[in-house]
Amino acid sequence: MLQTDYDIVVIGGGAAGFFAAIHAAKGTKQKVVLLEKTNKLLSKVKVSGGGRCNVTHDCDYAAQLINHYPRGGRSLRKPFEIFGTQQTREWFEKRGVKLKVEEDGRIFPTTDDSQTIINCLFAEAKRNDVTIELKSEVTKIIKKEEGFSLKLKSGAHINCKKVIVTTGGQNKASGYDWLKQLGLKIERPIPSLFTFNVPDSDLKDLLGLSVNKGYVQIPGTKWKQDGPILITHWGFSAPAVIKLSAWAAIDLFDKSYQFPILINWIGLDEEATRTVLNDYKKQHPRKVVSTNQLLEIPSRLWQRICHKAEIEEDKRYVDLSKKQFNKLIEMLVRCPFEVNGKTTFKEEFVTCGGVNLKEVDLKNFEAKKIPGLYLAGEVLNVDGVTGGFNFQHAWTSGYLSGTSASQG
Ligand SMILES: Cc1cc2nc3c(=O)[nH]c(=O)nc-3n(C[C@H](O)[C@H](O)[C@H](O)COP(=O)(O)OP(=O)(O)OC[C@H]3O[C@@H](n4cnc5c(N)ncnc54)[C@H](O)[C@@H]3O)c2cc1C
């Protein structure tokens, strides 16, 4: 039977909830319970990083780390200075989880299995006597003169001194109603981290081809991101696109995911591209353009770009008209497409939006208006790009809220 009195209640059994509960209970006599509405714990950790769990990122300085968060970034500098990527790595490694850094900076357990992280968090929760209750959805938090009373969907009530809310992102604004009732300001929830659908793309048959150093921009806006670009059967994917989806998430939602993009396939600007092509033309005037590609671009994509530039298959560099030469440059550095819709990237997504960060004191993630109530993880209006940044925020805010709640 559900016990009804605790010192600290943590609502939500995800990454932030476990970290908060462990640190709320650690080294104290506080009675801590973690309430999870489903019958599964750490379900996102389980599927994260393609089942490998990208725990954090190799980025030791808070000043650099904050550059990876479209929402929340600058405000998180101090929290990351206290519990950043270095502390996360040490925390897991001290508990026997060996970690490895991949070439792109993502950090995974050496087992390549997210269960390693789950086992570690379960063991720590057990060691610190955290009680866990499944199928316990909290529907209301009532602030009392001293402490809180929580109402559960089952009709039960739990009394406690402090509450840590770690309920994650919600895809509907109504999912935050119970927090709004406490007077907390909520930013509308909007999806972040997705790929672009381009139904009219004339490149779809080249699916699987990619470039490593391109960039994608949205003309008429400040949005531009560089990195690999992958051609898919529905449009475009890979880091340049996914990062752009995160930074421009609110704008793109407001445009109903219908907007133009310009792709630069080579990472060079117009002037540098012109120089490279002119030099090649001088040195190899008799070479056929469509079969002698320059720059780091797959040959089939180069041929298609030549076709888009209206260059005949047997045309030699020396015979290119000025118009064709300019059009080739244009298609290499500003290749236009119309996006119409989005697709989730490997089922990985985060919610942009949630509880406004101004509602919490960033020293300990306690609600400024409601002493004793803390918020941590994705329930806050914080989201990072892919690469381990979302978990890092969960560990940081979970650690600071739990540690603070445990005191007094
Ligand atoms: C497929 C996928 C892969 C991902 N991979 C990565 C990755 O590799 N690296 C990375 O950094 N990020 C990744 N992310 C993002 C990352 O998983 C999340 O940002 C992170 O899990 C958020 O943790 P959280 O504890 O704040 O919320 P959640 O993990 O969403 O946990 C919230 C929990 O609260 C419970 N809950 C909600 N409401 C209530 C209620 N009223 N009462 C009780 N319980 C409630 C929910 O059931 C849930 O278990 C991935 C996301 C997805 C979807």
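How many Å separate the centres of domain 1 and domain 3, taken over C-alpha atoms? In this predicted model, the distance between those two centres is 52 Å. The protein chain is divided into three parts by the assignment: domain 1 covers 5–191 and 350–406, domain 2 covers 193–266 and 337–344, and domain 3 covers 270–335.

The next topic is the ligand. It is surrounded by 32 residues, and the closest are Ala 16, Glu 36, Val 138, Glu 378 and Phe 391. Sorted by class, this shell holds eleven nonpolar, 14 polar and seven charged residues. Three helices, H1 (15–25), H2 (43–51) and H13 (389–406), each supply at least two residues of the shell. The largest share comes from H2, with four residues.

Backbone atoms of the protein also make polar contacts with the ligand. A polar backbone atom of Gly 49 lies 3.0 Å from an oxygen atom of the ligand. For Asn 54, a backbone N or O atom is 3.1 Å from a nitrogen atom of the ligand. Val 138, listed among the closest residues, has a polar backbone atom 3.0 Å from a nitrogen atom of the ligand. Taken alone, the ligand exposes 1000 Å², and the protein buries 93% of that.

The aromatic residues come next. A pair of aromatic rings is described by the distance of the centres and the angle of the planes. The structure has 18 aromatic pairs. One of them joins Phe 19 and Phe 83, with 5.7 Å from centre to centre and 70° between the planes, which is an edge-to-face arrangement. Phe 19 lies in helix H1, while Phe 83 sits in the loop between helix H4 (77–82) and helix H5 (85–94), so this pair ties together parts that are 64 residues apart in sequence. Phe 19 is buried, with a relative accessible area of 0%. Phe 83 also counts as buried because its relative accessibility is 4%, under the 20% limit.

Another edge-to-face pair is formed by Tyr 69 and Phe 389, 6.0 Å from centre to centre and with 80° between the planes. Tyr 69 is in the loop between helix H3 (62–65) and H4, and Phe 389 is in helix H13; the pair links distant parts of the chain, 320 residues apart. Tyr 69 and Phe 389 are both buried.

Ring pairs also build a cluster out of Phe 19, Phe 83, Trp 91, Phe 92, Phe 391, Trp 395 and Tyr 399. Phe 391, a member of this cluster, is also listed among the residues closest to the ligand.

Note on methods. Residues numbered from 1 in each chain as written. Predicted model: local features only at pLDDT ≥ 70, side-chain atom pairs only at ≥ 80, totals over all residues. Heavy atoms only, no water. Near = heavy atom within 4 Å. Polar contact = N/O pair within 3.5 Å; in protein donor to acceptor, adjacent residues only side chain to side chain. Areas by Shrake-Rupley, 256 points an atom, 1.4 Å probe, with all protein chains shown as cover. Nonpolar A, V, L, I, M, F, W, Y, C, P; charged D, E, K, R; others polar. Domains from an automatic or database assignment. Phe/Tyr/Trp six-rings, centres within 6.5 Å; stacked < 30°, edge-to-face > 60°. Buried < 20%, exposed > 50% of the residue type's maximum accessible area, 1.4 Å probe, protein only.
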